[in-house]
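This briefing walks through one protein chain, topic by topic. Keep the structure in view and look up each residue as it is named.

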Amino acid sequence: MTKDTQTKVKRAIRNSGQYAETIRKLRLRAGMTQPQLAEMIGVTKNAITNWEAGYARPDIDKLPQLCDALNVSADELLGRSATAVNAAEQLLLRKFRRLSQYDQKSFTDFMDLMYQNRTMEKREYCRNTFMPLSIAPYAMGAGLGEPLGDNTEQERIFVRVTHDSSRADRVVRVNGDSMMPTFRDGDLLLVQETDQLHVGEIGIFIVAGEGFVKEYQRDGLHSHNKRYDTFMPADDDNSRCIGRVIGRINDAMLPDDEETRILEEVFA
(Lines give C-alpha, C1' and ligand atoms only; values in the text may rest on other atoms or scores of the structure.)
Protein backbone atom coordinates (compact mmCIF):
# COMPACT_ATOMS: atom_id res chain seq x y z
CA MET A 1 0.00 0.00 0.00
CA THR A 2 1.50 3.37 -1.00
CA LYS A 3 1.88 6.31 1.37
CA ASP A 4 -0.79 8.16 -0.57
CA THR A 5 -3.24 5.29 -0.09
CA GLN A 6 -2.37 5.06 3.61
CA THR A 7 -3.07 8.77 4.00
CA LYS A 8 -6.48 8.37 2.34
CA VAL A 9 -7.23 5.37 4.56
CA LYS A 10 -6.33 7.21 7.75
CA ARG A 11 -8.50 10.16 6.75
CA ALA A 12 -11.41 7.96 5.74
CA ILE A 13 -11.62 5.84 8.90
CA ARG A 14 -11.40 8.55 11.55
CA ASN A 15 -14.96 7.63 12.38
CA SER A 16 -14.80 4.04 13.69
CA GLY A 17 -18.26 3.13 12.52
CA GLN A 18 -18.05 4.79 9.13
CA TYR A 19 -17.14 1.58 7.25
CA ALA A 20 -18.54 -1.03 9.63
CA GLU A 21 -21.40 -1.93 7.28
CA THR A 22 -19.01 -1.98 4.30
CA ILE A 23 -16.76 -4.58 5.95
CA ARG A 24 -19.78 -6.71 6.83
CA LYS A 25 -21.18 -6.56 3.27
CA LEU A 26 -17.82 -7.40 1.70
CA ARG A 27 -17.35 -10.34 4.08
CA LEU A 28 -20.79 -11.73 3.24
CA ARG A 29 -20.19 -11.20 -0.45
CA ALA A 30 -17.00 -13.23 -0.13
CA GLY A 31 -18.99 -16.01 1.53
CA MET A 32 -17.01 -15.98 4.79
CA THR A 33 -17.97 -16.15 8.44
CA GLN A 34 -16.44 -13.82 11.02
CA PRO A 35 -14.13 -16.58 12.38
CA GLN A 36 -12.93 -17.42 8.86
CA LEU A 37 -12.09 -13.80 8.10
CA ALA A 38 -10.39 -13.41 11.49
CA GLU A 39 -8.18 -16.45 10.83
CA MET A 40 -7.17 -15.18 7.39
CA ILE A 41 -5.92 -11.82 8.67
CA GLY A 42 -4.61 -12.94 12.06
CA VAL A 43 -7.07 -11.31 14.46
CA THR A 44 -9.67 -12.62 16.87
CA LYS A 45 -13.29 -13.23 15.97
CA ASN A 46 -14.23 -10.52 18.49
CA ALA A 47 -12.15 -8.01 16.57
CA ILE A 48 -14.22 -8.66 13.44
CA THR A 49 -17.42 -8.36 15.49
CA ASN A 50 -16.29 -5.00 16.90
CA TRP A 51 -15.35 -3.71 13.44
CA GLU A 52 -18.71 -4.62 11.98
CA ALA A 53 -20.54 -3.16 14.98
CA GLY A 54 -18.65 0.09 14.71
CA TYR A 55 -17.05 -0.24 18.15
CA ALA A 56 -13.53 -0.33 16.74
CA ARG A 57 -11.66 0.04 13.49
CA PRO A 58 -8.96 -2.06 11.81
CA ASP A 59 -5.38 -1.02 12.51
CA ILE A 60 -3.69 0.52 9.52
CA ASP A 61 -1.26 -2.39 9.22
CA LYS A 62 -4.19 -4.84 8.92
CA LEU A 63 -5.78 -3.10 5.95
CA PRO A 64 -3.63 -4.77 3.26
CA GLN A 65 -4.46 -8.20 4.72
CA LEU A 66 -8.13 -7.26 4.99
CA CYS A 67 -8.19 -6.16 1.34
CA ASP A 68 -6.49 -9.38 0.27
CA ALA A 69 -8.86 -11.56 2.28
CA LEU A 70 -11.92 -9.81 0.91
CA ASN A 71 -10.33 -9.55 -2.56
CA VAL A 72 -10.96 -5.82 -2.85
CA SER A 73 -8.83 -2.76 -3.36
CA ALA A 74 -8.32 -0.19 -0.63
CA ASP A 75 -10.53 2.18 -2.63
CA GLU A 76 -13.36 -0.35 -2.72
CA LEU A 77 -12.99 -1.03 1.00
CA LEU A 78 -13.43 2.70 1.50
CA GLY A 79 -16.42 2.79 -0.82
CA ARG A 80 -14.57 4.59 -3.60
CA SER A 81 -14.61 1.91 -6.29
CA ALA A 82 -17.31 1.79 -8.99
CA THR A 83 -16.35 -1.71 -10.10
CA ALA A 84 -17.15 -4.67 -7.89
CA VAL A 85 -16.14 -8.29 -8.32
CA ASN A 86 -19.22 -10.47 -8.52
CA ALA A 87 -19.79 -13.62 -6.52
CA ALA A 88 -18.78 -15.98 -9.35
CA GLU A 89 -15.49 -14.11 -9.81
CA GLN A 90 -14.87 -14.20 -6.06
CA LEU A 91 -15.38 -17.97 -6.02
CA LEU A 92 -13.06 -18.45 -9.00
CA LEU A 93 -10.33 -16.40 -7.33
CA ARG A 94 -10.63 -18.33 -4.06
CA LYS A 95 -10.31 -21.63 -5.95
CA PHE A 96 -7.31 -20.28 -7.89
CA ARG A 97 -5.55 -19.32 -4.65
CA ARG A 98 -5.95 -22.87 -3.33
CA LEU A 99 -4.08 -24.34 -6.32
CA SER A 100 -0.39 -25.16 -6.21
CA GLN A 101 1.96 -22.79 -8.00
CA TYR A 102 2.31 -25.36 -10.79
CA ASP A 103 -1.44 -25.72 -11.19
CA GLN A 104 -1.79 -21.93 -11.14
CA LYS A 105 0.74 -21.70 -13.97
CA SER A 106 -1.11 -24.39 -15.95
CA PHE A 107 -4.38 -22.54 -15.41
CA THR A 108 -2.81 -19.23 -16.47
CA ASP A 109 -1.30 -20.85 -19.59
CA PHE A 110 -4.71 -22.31 -20.44
CA MET A 111 -6.36 -18.90 -20.03
CA ASP A 112 -3.70 -17.36 -22.28
CA LEU A 113 -4.41 -20.01 -24.91
CA MET A 114 -8.15 -19.32 -24.70
CA TYR A 115 -7.49 -15.60 -25.12
CA GLN A 116 -5.27 -16.27 -28.16
CA ASN A 117 -7.99 -18.48 -29.66
CA ARG A 118 -10.53 -15.75 -29.10
CA THR A 119 -8.21 -13.22 -30.76
CA MET A 120 -7.70 -15.51 -33.77
CA GLU A 121 -11.46 -16.09 -34.07
CA LYS A 122 -12.07 -12.33 -33.95
CA ARG A 123 -9.43 -11.71 -36.63
CA GLU A 124 -10.96 -14.37 -38.87
CA TYR A 125 -14.44 -12.93 -38.30
CA CYS A 126 -13.24 -9.43 -39.24
CA ARG A 127 -11.39 -10.70 -42.31
CA ASN A 128 -14.51 -12.52 -43.58
CA THR A 129 -17.04 -9.84 -42.60
CA PHE A 130 -15.38 -6.62 -43.78
CA MET A 131 -13.46 -5.51 -46.85
CA PRO A 132 -11.18 -2.52 -47.50
CA LEU A 133 -12.11 0.11 -50.07
CA SER A 134 -10.27 3.27 -51.08
CA ILE A 135 -12.00 6.63 -50.77
CA ALA A 136 -11.40 8.81 -53.81
CA PRO A 137 -9.06 11.70 -52.91
CA TYR A 138 -11.65 14.20 -54.16
CA ALA A 139 -15.30 14.82 -53.38
CA MET A 140 -17.92 14.65 -56.10
CA GLY A 141 -20.11 17.69 -56.32
CA ALA A 142 -23.81 17.16 -55.86
CA GLY A 143 -24.41 20.71 -56.94
CA LEU A 144 -22.22 22.99 -59.00
CA GLY A 145 -19.40 20.49 -59.41
CA GLU A 146 -16.17 19.87 -57.52
CA PRO A 147 -12.77 20.60 -59.10
CA LEU A 148 -10.55 17.52 -59.23
CA GLY A 149 -7.20 18.13 -57.57
CA ASP A 150 -3.84 16.45 -58.02
CA ASN A 151 -3.88 14.75 -54.61
CA THR A 152 -3.10 11.07 -55.14
CA GLU A 153 -3.31 10.00 -51.48
CA GLN A 154 -6.27 7.74 -50.84
CA GLU A 155 -7.92 7.18 -47.51
CA ARG A 156 -9.00 3.62 -46.76
CA ILE A 157 -12.28 2.56 -45.21
CA PHE A 158 -13.51 -0.86 -44.09
CA VAL A 159 -17.11 -1.79 -44.93
CA ARG A 160 -19.22 -4.84 -44.29
CA VAL A 161 -19.31 -7.30 -47.19
CA THR A 162 -22.73 -7.01 -48.86
CA HIS A 163 -24.10 -7.51 -52.35
CA ASP A 164 -23.42 -3.83 -53.11
CA SER A 165 -20.04 -3.41 -51.42
CA SER A 166 -18.65 -6.56 -53.02
CA ARG A 167 -19.31 -5.00 -56.45
CA ALA A 168 -17.80 -1.62 -55.57
CA ASP A 169 -14.37 -0.52 -56.76
CA ARG A 170 -14.07 2.59 -54.65
CA VAL A 171 -15.87 5.01 -52.36
CA VAL A 172 -16.72 8.59 -53.30
CA ARG A 173 -17.69 11.34 -50.87
CA VAL A 174 -20.60 13.64 -51.78
CA ASN A 175 -20.13 17.39 -51.65
CA GLY A 176 -23.32 19.47 -51.88
CA ASP A 177 -27.06 19.04 -51.66
CA SER A 178 -28.32 18.76 -55.26
CA MET A 179 -29.03 15.02 -54.85
CA MET A 180 -31.12 15.43 -51.71
CA PRO A 181 -33.05 13.64 -50.39
CA THR A 182 -31.41 10.62 -52.05
CA PHE A 183 -27.90 11.60 -50.98
CA ARG A 184 -26.75 14.23 -48.52
CA ASP A 185 -23.63 16.30 -48.21
CA GLY A 186 -20.85 14.13 -46.75
CA ASP A 187 -22.42 10.77 -47.69
CA LEU A 188 -20.05 8.02 -48.75
CA LEU A 189 -21.14 6.28 -51.95
CA LEU A 190 -20.19 2.84 -53.23
CA VAL A 191 -19.08 3.25 -56.84
CA GLN A 192 -18.55 0.64 -59.53
CA GLU A 193 -16.15 1.77 -62.25
CA THR A 194 -17.82 1.93 -65.69
CA ASP A 195 -18.19 4.31 -68.60
CA GLN A 196 -21.69 3.14 -69.51
CA LEU A 197 -24.97 3.82 -67.67
CA HIS A 198 -28.57 2.89 -68.26
CA VAL A 199 -31.16 5.65 -68.31
CA GLY A 200 -32.26 6.42 -64.76
CA GLU A 201 -29.05 5.25 -63.08
CA ILE A 202 -27.01 7.55 -60.86
CA GLY A 203 -23.42 7.96 -61.92
CA ILE A 204 -20.17 9.78 -61.37
CA PHE A 205 -19.38 12.21 -64.17
CA ILE A 206 -16.41 14.34 -65.08
CA VAL A 207 -17.44 17.51 -66.92
CA ALA A 208 -14.86 20.15 -67.84
CA GLY A 209 -12.53 18.85 -65.15
CA GLU A 210 -15.14 18.87 -62.39
CA GLY A 211 -16.77 15.90 -60.69
CA PHE A 212 -20.53 15.42 -60.37
CA VAL A 213 -22.97 12.93 -58.84
CA LYS A 214 -26.04 13.00 -61.08
CA GLU A 215 -28.84 10.86 -62.47
CA TYR A 216 -28.37 10.07 -66.14
CA GLN A 217 -31.28 10.82 -68.49
CA ARG A 218 -31.32 11.25 -72.25
CA ASP A 219 -31.94 14.98 -71.92
CA GLY A 220 -29.04 15.54 -69.57
CA LEU A 221 -27.77 15.10 -66.01
CA HIS A 222 -30.51 15.44 -63.41
CA SER A 223 -30.43 16.56 -59.79
CA HIS A 224 -32.93 15.20 -57.25
CA ASN A 225 -33.14 18.52 -55.46
CA LYS A 226 -35.74 20.56 -57.37
CA ARG A 227 -33.76 23.77 -56.78
CA TYR A 228 -31.18 22.61 -59.34
CA ASP A 229 -31.73 22.58 -63.07
CA THR A 230 -30.93 19.74 -65.42
CA PHE A 231 -27.88 20.42 -67.54
CA MET A 232 -26.50 18.92 -70.73
CA PRO A 233 -22.70 19.00 -71.05
CA ALA A 234 -21.41 20.87 -74.11
CA ASP A 235 -19.38 19.13 -76.79
CA ASP A 236 -16.16 20.83 -75.69
CA ASP A 237 -16.61 19.94 -71.98
CA ASN A 238 -14.77 16.63 -72.44
CA SER A 239 -17.51 14.99 -70.36
CA ARG A 240 -17.44 11.33 -69.48
CA CYS A 241 -18.91 8.83 -67.07
CA ILE A 242 -16.42 7.12 -64.73
CA GLY A 243 -18.66 5.12 -62.42
CA ARG A 244 -22.08 3.86 -61.35
CA VAL A 245 -23.40 4.56 -57.84
CA ILE A 246 -24.56 1.24 -56.45
CA GLY A 247 -25.20 2.13 -52.84
CA ARG A 248 -24.55 4.34 -49.86
CA ILE A 249 -22.53 3.41 -46.78
CA ASN A 250 -24.53 3.56 -43.54
CA ASP A 251 -23.45 3.12 -39.93
CA ALA A 252 -24.48 -0.56 -39.87
CA MET A 253 -21.91 -1.28 -42.58
CA LEU A 254 -18.97 0.09 -40.59
CA PRO A 255 -16.85 -1.80 -38.02
CA ASP A 256 -16.67 -0.74 -34.38
CA ASP A 257 -13.44 0.57 -32.81
CA GLU A 258 -12.11 -2.87 -31.85
CA GLU A 259 -12.92 -4.33 -35.26
CA THR A 260 -11.25 -1.36 -36.97
CA ARG A 261 -8.08 -1.87 -34.95
CA ILE A 262 -8.00 -5.57 -35.89
CA LEU A 263 -8.68 -4.80 -39.54
CA GLU A 264 -5.85 -2.28 -39.65
CA GLU A 265 -3.52 -5.05 -38.45
CA VAL A 266 -4.94 -7.68 -40.81
CA PHE A 267 -4.71 -5.47 -43.90
CA ALA A 268 -1.52 -3.64 -42.92
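Helices are DSSP runs of H or I with at least four residues, and they are numbered from the N terminus. Helix H3, made of residues 34-41, is one such run, and Gln-34 belongs to it. The model is predicted. In this chain there are 9 helices and 9 strands.

**The chain as a whole**

- The chain has 268 residues, and 36% of them are buried.
- Its accessible surface is about 16200 Å², and carbon and sulfur atoms hold 48% of that surface.
- Among contacts with a separation of 6 or more, 64% are between residues 24 or more positions apart.

**Gln-34 in helix H3**

- Gln-34 sits in helix H3, and its relative accessible area is 15%, so the residue is buried, the cut-off being under 20%.
- Leaving aside residues up to four places away in sequence, Gln-34 touches Arg-27, Lys-45, Ile-48, Thr-49 and Glu-52.

- Strand S7, residues 210-217, runs antiparallel to S6, and 6 bridges join the two.
- Within this pairing, Ile-202 is opposite Glu-215 of S7.
- S6 and S7 make up a hairpin, with 2 residues between the strands. In the turn, Ala-208 has a positive phi of about 55°.
- S6 also pairs with strand S9, residues 240-248, through 4 bridges in the antiparallel sense.
- On that side, Gly-203 has Arg-244 of S9 as its bridge partner.

**Strand S5 and strand S9**

- Which strand pairs with S5 over 5 bridges? The partner is S9, and the pairing is antiparallel.
- Here Leu-190 stands opposite Gly-247 of S9.
- S9 therefore has bridges both to S6, where there are 4, and to S5, where there are 5.

**Helices H7 and H8**

- Two packed helices are described by the angle between their axes and the distance between the axes.
- Helix H7, residues 87-98, packs against helix H8, residues 101-129, at an angle of about 135°, and the axes are 8 Å apart. That angle makes H7 oblique to H8.
- The residues that meet are Leu-92, Phe-96 and Arg-97 from H7 and Gln-104, Phe-107 and Thr-108 from H8.
- Sorted by class, this contact has 3 nonpolar, 2 polar and 1 charged residues.
- Leu-91 is another residue in H7. Its relative accessibility is 38%, so Leu-91 counts as partly exposed.
- Leu-91 and Gly-31 are 60 residues apart in sequence, and their C-alpha atoms are 8.6 Å apart in space.

**Loops and backbone angles**

- The peptide bond from Met-180 to Pro-181 is cis, and its omega is near 5°. Pro-181 lies in the loop between strand S4, residues 170-175, and strand S5, residues 188-193.
- Asn-71 has a phi near 55°, which is a positive value in a residue other than glycine. Its place is the loop between helix H5, residues 63-70, and helix H6, residues 74-77.
- Is Asn-71 buried or exposed? Its relative accessibility is 17%, so Asn-71 counts as buried.
- Asn-238 also has a positive phi, near 50°, and is likewise a residue other than glycine. This residue is in the loop between strand S8, residues 220-222, and S9.
- With a relative accessible area of 57%, Asn-238 is exposed, whereas Asn-71 is buried.

Notes: Residues numbered from 1 in each chain as written. Predicted model: local features only at pLDDT ≥ 70, side-chain atom pairs only at ≥ 80, totals over all residues. Heavy atoms only, no water. Axes fitted to C-alpha atoms, helices over the stretch in contact; angles between N-to-C directions. Parallel < 35°, antiparallel > 145°, perpendicular 65-115°, else oblique. Contact = heavy atoms within 4.5 Å. Nonpolar A, V, L, I, M, F, W, Y, C, P; charged D, E, K, R; others polar. Buried < 20%, exposed > 50% of the residue type's maximum accessible area, 1.4 Å probe, protein only. Areas by Shrake-Rupley, 256 points an atom, 1.4 Å probe, with all protein chains shown as cover.
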